[in-house]
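Please consult the sequence and the structure shown below while reading.

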Amino acid sequence: MDSSVASGAVNSITGFMQRYFGKNVIILLDEYDSPMQAAWLSGYWDKAVSFFNGLFNSTFKTNPYLYRGVITGITRVAKKSIFSGLNNPEVITTTSNEYARYFGFTEDEVFGALDAAGLGSEKAQVKQWYDGFTFGRYMDIYNPWSIASFIKKNGKYDSYWANTSSNRLVNSLIQKGNAEVKIMMEELLQGKNITAEIDEQIALYSFSSFDLAKNASDDDAPERFYHGFVLGLMVELAPRFEITSNWESGFGRYDVMFVPFDKEKDCAYIIEFKVHKARKEKDLAQTVDNALSQIAEKQYETQLIAKGFAAEKIRKYGFAFRGKECLIGGGESCGKILNKI
(Lines give C-alpha, C1' and ligand atoms only; values in the text may rest on other atoms or scores of the structure.)
Protein backbone atom coordinates (compact mmCIF):
# COMPACT_ATOMS: atom_id res chain seq x y z
CA MET A 1 0.00 0.00 0.00
CA ASP A 2 1.28 3.46 -0.86
CA SER A 3 2.26 5.43 2.27
CA SER A 4 0.04 8.37 1.30
CA VAL A 5 -2.98 6.03 1.13
CA ALA A 6 -2.08 4.41 4.45
CA SER A 7 -1.56 7.74 6.23
CA GLY A 8 -5.04 8.90 5.14
CA ALA A 9 -6.81 5.61 5.89
CA VAL A 10 -8.13 6.58 9.33
CA ASN A 11 -9.41 9.88 7.95
CA SER A 12 -11.32 7.98 5.26
CA ILE A 13 -12.78 5.49 7.76
CA THR A 14 -14.01 8.27 10.06
CA GLY A 15 -15.63 9.92 7.06
CA PHE A 16 -17.60 6.74 6.32
CA MET A 17 -18.62 6.40 9.98
CA GLN A 18 -19.70 10.03 10.23
CA ARG A 19 -21.94 9.72 7.20
CA TYR A 20 -23.46 6.44 8.42
CA PHE A 21 -24.04 7.35 12.09
CA GLY A 22 -24.61 11.07 11.56
CA LYS A 23 -22.13 12.22 14.21
CA ASN A 24 -18.41 12.89 14.46
CA VAL A 25 -16.07 10.15 15.67
CA ILE A 26 -13.99 9.63 18.81
CA ILE A 27 -10.57 8.16 17.95
CA LEU A 28 -8.68 6.17 20.58
CA LEU A 29 -5.06 5.38 19.66
CA ASP A 30 -3.28 3.05 22.09
CA GLU A 31 0.45 2.23 22.24
CA TYR A 32 1.33 4.86 19.63
CA ASP A 33 4.93 4.65 20.83
CA SER A 34 5.46 0.94 20.05
CA PRO A 35 6.16 1.41 16.32
CA MET A 36 8.26 4.49 17.14
CA GLN A 37 10.44 2.47 19.53
CA ALA A 38 10.83 -0.24 16.89
CA ALA A 39 11.86 2.39 14.33
CA TRP A 40 14.39 3.92 16.72
CA LEU A 41 15.95 0.59 17.61
CA SER A 42 15.95 -0.81 14.07
CA GLY A 43 17.34 2.22 12.24
CA TYR A 44 14.42 3.55 10.21
CA TRP A 45 13.41 6.44 12.50
CA ASP A 46 13.36 9.14 9.80
CA LYS A 47 11.01 7.11 7.59
CA ALA A 48 8.72 6.38 10.53
CA VAL A 49 8.58 10.04 11.53
CA SER A 50 7.69 11.04 7.98
CA PHE A 51 4.87 8.48 7.82
CA PHE A 52 3.41 9.22 11.25
CA ASN A 53 3.58 12.96 10.64
CA GLY A 54 1.21 12.42 7.73
CA LEU A 55 -0.96 9.96 9.65
CA PHE A 56 -1.33 12.20 12.69
CA ASN A 57 -1.95 15.28 10.58
CA SER A 58 -4.76 13.68 8.57
CA THR A 59 -6.20 11.82 11.58
CA PHE A 60 -6.10 14.43 14.33
CA LYS A 61 -5.41 17.88 12.86
CA THR A 62 -7.20 18.25 9.53
CA ASN A 63 -9.88 15.60 10.08
CA PRO A 64 -13.33 17.29 9.82
CA TYR A 65 -14.99 14.12 11.13
CA LEU A 66 -13.11 14.06 14.44
CA TYR A 67 -15.01 14.79 17.66
CA ARG A 68 -12.22 14.00 20.10
CA GLY A 69 -8.95 12.10 20.04
CA VAL A 70 -7.09 10.30 22.84
CA ILE A 71 -3.55 9.00 22.29
CA THR A 72 -1.93 6.74 24.89
CA GLY A 73 1.50 5.21 25.22
CA ILE A 74 4.33 4.49 27.64
CA THR A 75 7.26 6.42 26.15
CA ARG A 76 6.81 10.14 25.74
CA VAL A 77 7.81 11.17 22.24
CA ALA A 78 9.03 14.74 21.80
CA LYS A 79 6.70 17.28 20.21
CA LYS A 80 9.23 17.55 17.39
CA SER A 81 8.78 14.36 15.32
CA ILE A 82 5.24 13.00 15.06
CA PHE A 83 3.35 15.59 17.13
CA SER A 84 4.74 18.68 15.40
CA GLY A 85 1.62 19.07 13.25
CA LEU A 86 -0.93 18.91 16.08
CA ASN A 87 -2.53 21.99 17.59
CA ASN A 88 -1.39 22.21 21.22
CA PRO A 89 -2.13 18.66 22.41
CA GLU A 90 -2.69 18.35 26.15
CA VAL A 91 -0.11 15.99 27.60
CA ILE A 92 -1.04 13.95 30.69
CA THR A 93 1.87 12.03 32.23
CA THR A 94 2.44 9.82 35.28
CA THR A 95 3.22 12.92 37.35
CA SER A 96 -0.03 14.71 36.44
CA ASN A 97 -2.92 14.77 38.87
CA GLU A 98 -5.51 14.90 36.11
CA TYR A 99 -6.86 11.41 35.32
CA ALA A 100 -4.25 9.94 37.69
CA ARG A 101 -6.66 7.40 39.23
CA TYR A 102 -7.52 6.02 35.79
CA PHE A 103 -4.02 4.82 34.93
CA GLY A 104 -4.76 1.65 36.89
CA PHE A 105 -6.95 0.23 39.66
CA THR A 106 -7.13 2.09 42.96
CA GLU A 107 -6.75 0.13 46.17
CA ASP A 108 -10.45 0.46 47.00
CA GLU A 109 -11.33 -0.95 43.58
CA VAL A 110 -8.91 -3.86 43.98
CA PHE A 111 -10.07 -4.76 47.48
CA GLY A 112 -13.71 -4.56 46.38
CA ALA A 113 -13.01 -6.91 43.45
CA LEU A 114 -11.19 -9.36 45.74
CA ASP A 115 -14.12 -9.43 48.15
CA ALA A 116 -16.55 -10.01 45.28
CA ALA A 117 -14.38 -12.88 44.00
CA GLY A 118 -14.11 -14.50 47.43
CA LEU A 119 -10.44 -13.63 47.73
CA GLY A 120 -10.69 -11.00 50.46
CA SER A 121 -8.21 -12.83 52.67
CA GLU A 122 -5.48 -12.22 50.08
CA LYS A 123 -5.52 -8.40 50.30
CA ALA A 124 -2.21 -7.98 52.14
CA GLN A 125 -0.35 -10.38 49.84
CA VAL A 126 -1.92 -8.84 46.73
CA LYS A 127 -0.78 -5.40 47.91
CA GLN A 128 2.76 -6.72 48.34
CA TRP A 129 2.77 -8.27 44.86
CA TYR A 130 0.93 -5.78 42.70
CA ASP A 131 0.82 -2.35 44.39
CA GLY A 132 3.70 -0.76 42.50
CA PHE A 133 2.65 2.55 40.93
CA THR A 134 2.31 6.18 41.92
CA PHE A 135 0.43 8.49 39.54
CA GLY A 136 0.10 12.14 40.48
CA ARG A 137 -1.16 12.32 44.06
CA TYR A 138 -2.37 8.69 44.07
CA MET A 139 0.11 6.47 45.86
CA ASP A 140 -1.54 3.04 45.52
CA ILE A 141 -2.30 2.23 41.89
CA TYR A 142 -2.40 -1.44 40.88
CA ASN A 143 -1.53 -3.03 37.55
CA PRO A 144 -4.93 -3.83 35.95
CA TRP A 145 -3.68 -6.83 33.96
CA SER A 146 -2.11 -8.38 37.05
CA ILE A 147 -5.24 -7.99 39.17
CA ALA A 148 -7.55 -9.28 36.45
CA SER A 149 -5.27 -12.26 35.83
CA PHE A 150 -4.93 -13.00 39.55
CA ILE A 151 -8.70 -13.13 39.98
CA LYS A 152 -9.20 -15.13 36.78
CA LYS A 153 -6.62 -17.68 37.99
CA ASN A 154 -8.50 -18.01 41.33
CA GLY A 155 -5.79 -16.40 43.42
CA LYS A 156 -2.63 -17.71 41.77
CA TYR A 157 0.31 -15.34 42.29
CA ASP A 158 2.50 -14.74 39.26
CA SER A 159 4.41 -11.92 37.52
CA TYR A 160 1.64 -11.41 34.98
CA TRP A 161 2.99 -8.01 33.95
CA ALA A 162 6.36 -9.40 32.80
CA ASN A 163 5.36 -10.08 29.18
CA THR A 164 2.89 -7.25 28.63
CA SER A 165 5.36 -4.92 26.87
CA SER A 166 8.72 -4.89 25.13
CA ASN A 167 11.89 -4.04 27.08
CA ARG A 168 14.12 -3.51 24.02
CA LEU A 169 14.41 0.24 24.51
CA VAL A 170 15.25 -0.10 28.21
CA ASN A 171 17.79 -2.83 27.43
CA SER A 172 19.43 -0.62 24.81
CA LEU A 173 19.68 2.38 27.13
CA ILE A 174 21.08 0.29 29.99
CA GLN A 175 23.68 -1.36 27.77
CA LYS A 176 24.85 2.01 26.47
CA GLY A 177 24.53 3.77 29.83
CA ASN A 178 27.42 5.01 31.94
CA ALA A 179 28.81 3.38 35.07
CA GLU A 180 26.32 5.16 37.32
CA VAL A 181 23.36 3.68 35.42
CA LYS A 182 24.80 0.17 35.71
CA ILE A 183 25.44 0.59 39.45
CA MET A 184 21.84 1.71 39.97
CA MET A 185 20.55 -1.32 38.04
CA GLU A 186 22.70 -3.64 40.19
CA GLU A 187 21.21 -2.09 43.34
CA LEU A 188 17.70 -2.70 42.01
CA LEU A 189 18.54 -6.33 41.24
CA GLN A 190 19.78 -6.69 44.83
CA GLY A 191 16.39 -5.53 46.11
CA LYS A 192 17.60 -2.06 47.13
CA ASN A 193 15.84 1.25 46.50
CA ILE A 194 17.11 4.08 44.30
CA THR A 195 15.98 7.68 44.01
CA ALA A 196 16.00 9.47 40.67
CA GLU A 197 14.66 12.80 39.48
CA ILE A 198 12.14 12.67 36.65
CA ASP A 199 12.77 15.29 33.97
CA GLU A 200 9.87 15.14 31.52
CA GLN A 201 11.55 17.58 29.15
CA ILE A 202 14.20 15.03 28.17
CA ALA A 203 12.94 13.15 25.14
CA LEU A 204 14.95 10.42 23.48
CA TYR A 205 13.52 11.17 20.06
CA SER A 206 14.92 14.70 19.99
CA PHE A 207 18.15 12.97 19.06
CA SER A 208 19.05 11.06 15.95
CA SER A 209 20.24 7.46 15.92
CA PHE A 210 23.72 8.86 15.22
CA ASP A 211 23.84 9.89 18.89
CA LEU A 212 24.22 6.20 19.78
CA ALA A 213 27.77 5.18 20.61
CA LYS A 214 27.78 2.30 18.12
CA ASN A 215 27.78 4.83 15.26
CA ALA A 216 30.93 6.63 16.39
CA SER A 217 34.58 5.75 16.74
CA ASP A 218 36.56 5.75 19.99
CA ASP A 219 38.38 8.86 18.77
CA ASP A 220 35.10 10.74 19.00
CA ALA A 221 34.49 9.75 22.63
CA PRO A 222 35.72 13.05 24.22
CA GLU A 223 33.63 15.11 21.81
CA ARG A 224 30.57 12.93 22.47
CA PHE A 225 31.05 13.45 26.21
CA TYR A 226 31.06 17.25 25.93
CA HIS A 227 28.22 17.07 23.40
CA GLY A 228 26.02 15.09 25.79
CA PHE A 229 26.99 17.19 28.81
CA VAL A 230 26.17 20.52 27.18
CA LEU A 231 23.00 19.12 25.62
CA GLY A 232 21.82 18.06 29.07
CA LEU A 233 22.39 21.58 30.40
CA MET A 234 20.32 23.01 27.55
CA VAL A 235 17.26 20.83 28.13
CA GLU A 236 15.64 23.54 30.27
CA LEU A 237 15.25 25.60 27.08
CA ALA A 238 12.81 23.00 25.67
CA PRO A 239 9.70 25.15 26.36
CA ARG A 240 11.09 27.84 24.02
CA PHE A 241 12.94 25.76 21.43
CA GLU A 242 12.66 22.58 19.43
CA ILE A 243 16.01 20.98 20.28
CA THR A 244 17.49 18.40 17.92
CA SER A 245 20.86 16.67 17.77
CA ASN A 246 22.79 15.06 14.91
CA TRP A 247 20.07 15.50 12.30
CA GLU A 248 20.85 15.92 8.61
CA SER A 249 20.96 19.42 7.14
CA GLY A 250 22.87 20.69 4.14
CA PHE A 251 25.80 18.38 3.43
CA GLY A 252 26.17 16.76 6.84
CA ARG A 253 24.84 16.42 10.38
CA TYR A 254 24.96 19.33 12.81
CA ASP A 255 25.69 18.69 16.48
CA VAL A 256 22.81 20.67 18.00
CA MET A 257 20.13 22.92 16.54
CA PHE A 258 17.66 25.14 18.42
CA VAL A 259 14.56 26.14 16.46
CA PRO A 260 12.43 28.72 18.33
CA PHE A 261 8.70 28.21 18.68
CA ASP A 262 8.37 32.01 18.58
CA LYS A 263 10.29 33.18 15.50
CA GLU A 264 9.70 36.84 16.29
CA LYS A 265 11.09 36.65 19.81
CA ASP A 266 14.02 34.24 19.46
CA CYS A 267 16.73 33.44 16.95
CA ALA A 268 17.62 29.96 15.74
CA TYR A 269 20.94 28.47 16.84
CA ILE A 270 23.40 25.97 15.38
CA ILE A 271 26.13 24.59 17.64
CA GLU A 272 29.18 22.56 16.65
CA PHE A 273 31.40 20.88 19.28
CA LYS A 274 35.13 20.35 18.81
CA VAL A 275 37.76 18.90 21.10
CA HIS A 276 41.13 20.67 20.74
CA LYS A 277 43.71 18.66 18.78
CA ALA A 278 47.13 19.83 19.90
CA ARG A 279 48.93 18.41 16.84
CA LYS A 280 46.74 20.30 14.37
CA GLU A 281 45.54 23.40 16.25
CA LYS A 282 47.72 25.93 18.04
CA ASP A 283 45.04 27.00 20.53
CA LEU A 284 41.33 26.83 21.39
CA ALA A 285 40.61 29.83 19.17
CA GLN A 286 41.67 27.83 16.13
CA THR A 287 39.48 24.94 17.29
CA VAL A 288 36.51 27.33 17.44
CA ASP A 289 37.33 28.60 13.94
CA ASN A 290 37.38 25.01 12.65
CA ALA A 291 33.98 24.36 14.21
CA LEU A 292 32.52 27.50 12.62
CA SER A 293 34.14 26.64 9.29
CA GLN A 294 32.48 23.23 9.38
CA ILE A 295 29.07 24.85 9.97
CA ALA A 296 29.63 27.08 6.95
CA GLU A 297 31.13 24.46 4.64
CA LYS A 298 28.46 21.87 5.40
CA GLN A 299 25.71 24.51 5.11
CA TYR A 300 23.97 23.33 8.28
CA GLU A 301 21.63 26.35 8.08
CA THR A 302 19.89 24.81 5.03
CA GLN A 303 17.13 23.32 7.18
CA LEU A 304 16.49 26.64 8.91
CA ILE A 305 16.40 28.60 5.65
CA ALA A 306 13.86 26.10 4.32
CA LYS A 307 11.71 26.86 7.37
CA GLY A 308 11.74 30.56 6.51
CA PHE A 309 14.47 31.90 8.80
CA ALA A 310 16.37 34.91 7.49
CA ALA A 311 20.17 34.78 7.69
CA GLU A 312 20.25 37.44 10.42
CA LYS A 313 17.98 35.28 12.60
CA ILE A 314 20.40 32.34 12.55
CA ARG A 315 23.21 32.27 15.11
CA LYS A 316 26.15 29.89 14.73
CA TYR A 317 28.44 28.89 17.60
CA GLY A 318 31.55 26.78 17.91
CA PHE A 319 32.29 25.14 21.26
CA ALA A 320 35.96 24.21 21.74
CA PHE A 321 37.06 21.99 24.64
CA ARG A 322 40.42 21.10 26.15
CA GLY A 323 40.15 19.31 29.46
CA LYS A 324 38.30 21.71 31.77
CA GLU A 325 38.79 24.66 29.42
CA CYS A 326 36.04 25.75 27.07
CA LEU A 327 36.02 28.49 24.45
CA ILE A 328 32.82 29.57 22.71
CA GLY A 329 32.81 31.63 19.57
CA GLY A 330 30.33 32.81 16.98
CA GLY A 331 27.00 34.59 17.17
CA GLU A 332 26.36 37.47 14.77
CA SER A 333 29.90 37.26 13.44
CA CYS A 334 31.27 33.76 13.10
CA GLY A 335 34.81 35.00 13.56
CA LYS A 336 34.22 36.65 16.91
CA ILE A 337 35.11 34.94 20.15
CA LEU A 338 32.30 35.61 22.61
CA ASN A 339 33.30 33.95 25.80
CA LYS A 340 35.96 31.89 27.52
CA ILE A 341 35.06 29.67 30.46
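Which residues of helix H4 (residues 45-61) are buried?

## Basis of the report

The model is predicted, so local features are given at pLDDT of at least 70 and side-chain atom pairs count only at pLDDT 80 or more, whereas totals for chains, interfaces and linings use all residues. Residues are numbered from 1 along each chain as its sequence is written, and side-chain values use heavy atoms, with hydrogens and water left out.

## Helix H4 and its cover

In helix H4, the buried residues are Trp-45, Ala-48, Val-49, Phe-52, Leu-55, Phe-56, Ser-58, Thr-59 and Phe-60. Buried denotes under 20% relative accessible area, exposed over 50%, and partly exposed the range in between (1.4 Å probe, protein chains only). Helices (H or I, at least four residues) and strands (E, at least two) are DSSP runs, numbered from the N terminus. An α-helix has 3.6 residues a turn, so residues three or four places apart point the same way.

The cover over the buried residues of H4 includes helices H1 (3-7), H2 (9-21) and H3 (33-42). Strands S1 (25-29) and S2 (66-71) are also included in that cover.

Ile-13, Met-17, Tyr-20 and Phe-21 make a nonpolar surface patch of about 480 Å². Such patches are made of residues with over 30% relative accessible area and no salt bridge; nonpolar side chains (Val, Leu, Ile, Met, Phe, Trp, Tyr) are joined within 5 Å, and like charges within 9 Å. Accessible areas come from the Shrake-Rupley method with a 1.4 Å probe, and for residues only the protein chains shown count as cover. Tyr-20 belongs to helix H2 and counts as exposed because its relative accessibility is 69%.

## Salt bridges

How many salt bridges does a search of the whole structure find? The search finds ten, a salt bridge being a side-chain nitrogen of Lys or Arg within 4 Å of a carboxyl oxygen of Asp or Glu. One of them joins Arg-101 to Glu-109, with the closest N and O atoms 3.6 Å apart. Both partners are partly exposed: Arg-101 has 29% relative accessibility, and Glu-109 has 36%.

Lys-127 forms a salt bridge with Glu-107, the closest N and O atoms lying 2.6 Å apart. This pair links distant parts of the chain, with Lys-127 in helix H6 (residues 123-130) and Glu-107 in helix H5 (residues 107-116), 20 residues apart. Lys-127 is partly exposed, at 30% relative accessibility. Lys-127 also forms a salt bridge with Asp-131, where the closest N and O atoms are 3.0 Å apart. Through shared partners, salt bridges join Glu-107, Lys-127, Asp-131 and Asp-140 into one network.

## Strand pairing around S5

Strands S3 (105-106) and S5 (residues 138-142) pair in the antiparallel sense over two bridges; two strands pair if DSSP finds at least two bridges between them. Tyr-142 in S5 is the bridge partner of Phe-105.

Strand S4 (residues 131-135) runs antiparallel to S5 and is joined to it by three bridges. Tyr-142 in S5 is also the bridge partner of Asp-131. S4 and S5 form a hairpin with two residues between them, and Gly-136 in the turn has a positive phi of about 55 degrees.

Is His-276 buried or exposed? His-276 counts as buried because its relative accessibility is 12%. This residue lies in the loop between strand S10 (268-275) and helix H11 (284-298). The side chain of His-276 makes a polar contact with the side chain of Thr-287 (3.0 Å). A polar contact is a pair of N or O atoms within 3.5 Å; within protein, one must be able to donate a hydrogen and the other to accept it, and residues adjacent in sequence count only if both atoms are side-chain atoms. A polar atom of the His-276 side chain also lies 3.4 Å from the backbone oxygen of Glu-281. Leaving aside neighbours within four places in sequence, the residues in contact (heavy atoms within 4.5 Å) with His-276 include Phe-321 and Arg-322.

Thr-93, in the loop between S2 and S3, is buried at 13% relative accessible area, and its side chain makes a polar contact with that of Thr-95 (3.0 Å). Pro-260 lies in strand S9 (residues 256-260) and is buried, with a relative accessible area of 4%. The C-alpha atoms of Pro-260 and Phe-241 are separated by 4.3 Å, although the two are 19 residues apart along the chain.
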